[in-house]
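Subject: Two-chain model, handover and findings

Hello,

Here is the structure I said I would pass on. My notes on it come after.

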Amino acid sequence: MSKEKIQICPEFSDIMPPEYRDLVEQSTYGNEDRGWKDIGNSKELIEAHSLCAGCPESMAFRYILASLPNPEDTVMVGSTGCTSLVFPMVAVHNIHSLFGNQNAVASGLKRALTVRFPDRIKDVVVLAGDGATVDIGLDMTLQAWFRQEKFTTICFDNELYANTGGQESGLMRKGFVAKMAPTGKKFDKVRLPEIARESGCCYVVNLTVSKPSLVEKVIKNAVLLAREVGPTYIQLYTPCILEIGKNSMEGLQEMRDSEKPGERFNYKEYITDEAKQYLADLDARKKAAAIPAAQLTE
Amino acid sequence: MQSEKYRVVAGPEAYFTPGAARMGIVLPEPGEGHIEGQIVPEEEALEYAARKLIEAKNPTIHPGPLVLWNWNEKAAKKAKAIKVLADVIPARIIPMADYRPKYPKINPEVEINPNHPNLTIWHNKEDVCVFVGVHCHMANLSLKIIRGGTSCFTIALCAQAGHEDANLSLRDVSPEKILRLAEWVNKLKSIPYVRPAGRTSNDGAERKSDKVFAK
């Protein structure tokens with residue numbers, strides 16, 4: 001599918017709600033260089049959301065959707081959680097899976113899309129919370145990586161079960177006291193990035209969403225590598241400001257504090273040699289393609 | 001079961017509107033339609049739909065995503081046919097552009113939402129509305145809510161097997177069939193005893209056209 005396909009029938013163009021007219025006229029479908037800097041200049045692929053005011057997850061959603069290299073041919077698979085409140089407002093095909101099943105659903109979907117559209121690139125991106133990825137869905141998450149299923153898994157890590165009142169999750173840090181975990185977490189935060197690396201992911205990154213350019217680069221790399229090389233995993237810290245006792249304006253600072261050296265979300269990246277080579281080749285091809293155009297303009 | 005007695009009449013029926021299928025209403029076979037749950041030949045359903053649309057004070061067409069977007073040639077043709085129908089009646093077009101719950105509220109002037117279609121029906125004082133190009137499950141949901149909370153007469157122009165919960169439903173609706181409905185509207189408008197749009201009485205008085213078309 002391309003932007004040409006996303007058109008309103010001319011008979012109804014004058015009566016369509018304005019957000020859809022904007023989506024057709026000003027969105028970034030089909031633009032290979034799309035990125036977070038389009039936010040504010042173009043129609044975003046997220047119309048609205050019902051997340052809490054100042055929720056870092058909403059920032060993460062906006063950056064991710066702005067960074068997908070191929071949104072018109074991308075299917076996102078979500079799971080139960082705060083993210084599932086946003087997906088109905090997203091102008092990208094998406095599937096809501098049963099809690100924890102997201103990587104199993106994405107595996108089948110990716111295989112089916114490969115068979116159905118052999119000559120077209122179809123990206124599958126899983127986006128789920130830490131409960132779905134690490135606790136309830138850990139089996140499906142790991143098995144997809146063991147099988148080398150070619151899609152990206154993004155975990156919105158808010159370190160607890162946010163929209164059910166603050167229960168302890170595997171990704172909660174040791175000793176943290178939450179509303180529904182009053183005695184404090186007894187064991188360490190599960191080290192899923194390391195597990196992902198050992199499970200066969202070719203590109204693993206652990207970061208916060210405080211730096212949109214970095215998020216854009218990581219998401220693009222992850223999706224591009226998942227097309228050809230193997231599974232990729234991104235763990236993004238999206239703190240639940242309500243459950244950790246912060247105000248709406250304090251989400252960004254919380255992320256900045258947690259990415260300092262030695263902190264649990266200090267930027268960590270793991271990339272295989274094959275993946276590194278693939279990205280380098282891709283970059284070289286892009287530069288080579290850009291040269292004639294530059295010469296023409298001189 | 002009250003299969004022989006139940007009629008899918010315009011509401012307001014109840015807060016917990018019973019599903020028409022549960023009350024014994026069955027879907028029409030190819031070549032048929034249903035009027036208030038009674039299976040009739042397709043042509044009769046087309047004629048009745050045309051008459052309801054002509055008589056209505058505020059007839060409104062609600063096209064859904066399947067015809068709003070230029071997915072393929074068939075959708076484009078259907079959109080053209082719907083526009084012809086709307087011009088012939090004449091009817092207002094208010095789209096059901098999507099199915100997402102919209103918060104804090106929808107704008108009933110410009111759209112209808114399947115989760116609370118009654119808001120648009122009430123706001124625009126719609127007395128007859130047409131659903132076309134709406135996915136089956138969302139049409140069923142909307143039609144039931146409309147029957148439950150409004151007095152609007154619903155017509156479903158379904159591309160599949162029809163809708164029990166509509167007051168009148170046609171099935172296998174193609175662009176050609178929509179144009180046939182437009183022809184019926186044109187034809188009936190030229191007959192003097194069918195009241196033109198805007199002249200329907202709301203006092204429940206018997207209309208001449210009711211006698212003409214009564215079985």
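This is a predicted model: local features need pLDDT of at least 70, side-chain atom pairs count only at pLDDT 80 or more; totals for chains, interfaces and linings use all residues.

Chain A holds an open sheet of 7 strands with mixed pairing, in the order E2-E1-E3-E4-E8-E7-E9. Strand E2 (93–96) and strand E9 (268–271) of chain A each have a single partner strand, so they stand at the edges with one side left without a neighbour in the sheet. From one strand to the next the twist averages 15°.

Strand E1 (residues 74–78) of chain A runs parallel to E2(A), and 4 bridges join the two. Along that pairing, Val75(A) has His93(A) as its bridge partner, and Met76(A) stands opposite Asn94(A). E1(A) also runs parallel to E3(A), here with 5 bridges. In that pairing the bridge partner of Gly78(A) is Leu127(A).

How covered is E1(A)? Of its 5 residues, 5 are buried. In a regular strand, side chains alternate between the two faces of the sheet. In E1(A), Thr74(A), Met76(A) and Gly78(A) point one way, while Val75(A) and Val77(A) point the other way, and all are buried.

Helix H4 (residues 102–116) of chain A touches E1, E2, strand E3 (123–129) and strand E4 (152–157) of chain A, and its direction makes about 170° with that of E3(A). Helix H8 (residues 212–228) of chain A also packs on the sheet, touching E3, E4, strand E7 (203–208), strand E8 (232–237) and E9 of chain A. The direction of H8(A) makes about 160° with that of E7(A).

The contact between the chains

The size of an interface is often given as the accessible area lost when the parts come together. Here chain B and chain A bury about 1,700 Å² between them, with 69% of that on carbon and sulfur atoms. Chain B brings 21 residues to the contact and chain A brings 16 residues.

The rule finds 2 salt bridges across the interface. The side chains of Arg100(B) and Glu19(A) meet in a salt bridge, with an N to O distance of 3.0 Å. There are also 5 residue pairs in polar contact across the interface. On the side of chain B that touches chain A, the elements giving two or more residues are helix H2 (65–68) and H3 of chain B. H3(B) gives the most to that side, with 6 residues.

A buried threonine in chain A

Thr28(A) lies in the loop between helix H1 (18–26) and helix H2 (56–67) of chain A. With a relative accessible area of 9%, Thr28(A) is under the 20% cut-off and therefore counts as buried. The side chains of Thr28(A) and Arg34(A) are joined by a polar contact of 2.9 Å. Leaving aside neighbours within four places in sequence, Thr28(A) is in contact with Arg34(A), Asp38(A), Ser42(A) and Lys43(A).

Backbone features to check by eye

Two peptide bonds in chain B are listed here as cis. From Gly11(B) to Pro12(B) the bond is cis, with omega near 0°, and Pro12(B) is in the segment before strand E1 (32–35) of chain B. From Ile89(B) to Pro90(B) the bond is again cis, with omega near -10°. Pro90(B) lies in the loop between helix H3 (73–88) and strand E4 (92–93) of chain B.

Positive phi values in residues other than glycine come up in both chains, at Glu159(A) and Glu36(B). Phi of Glu159(A) is near 65°, and this residue sits in the loop between E4 and strand E5 (160–161) of chain A. Glu159(A) counts as buried, at 4% relative accessibility. Phi of Glu36(B) is near 50°, and Glu36(B) is in the loop between E1 and strand E2 (38–41) of chain B. At 11% relative accessibility, Glu36(B) counts as buried.

Regards

Conventions:
Residues are numbered from 1 along each chain as its sequence is written. Chains are lettered from A and ligands numbered from 1 in the order in which they are written. Side-chain values use heavy atoms; hydrogens and water are left out. Two strands pair if DSSP finds at least two bridges between them. Axes are lines fitted to C-alpha atoms, for helices over the stretch in contact, and angles run from 0 to 180 degrees between N-to-C directions. Contact means heavy atoms within 4.5 Å. Buried means under 20% relative accessible area, exposed over 50%, partly exposed in between (1.4 Å probe, protein chains only). Buried area is the accessible area (1.4 Å probe) that two parts lose on being put together, summed over both. A salt bridge is a side-chain nitrogen of Lys or Arg within 4 Å of a carboxyl oxygen of Asp or Glu. A polar contact is a pair of N or O atoms within 3.5 Å; within protein, one must be able to donate a hydrogen and the other to accept it, and residues adjacent in sequence count only if both atoms are side-chain atoms.
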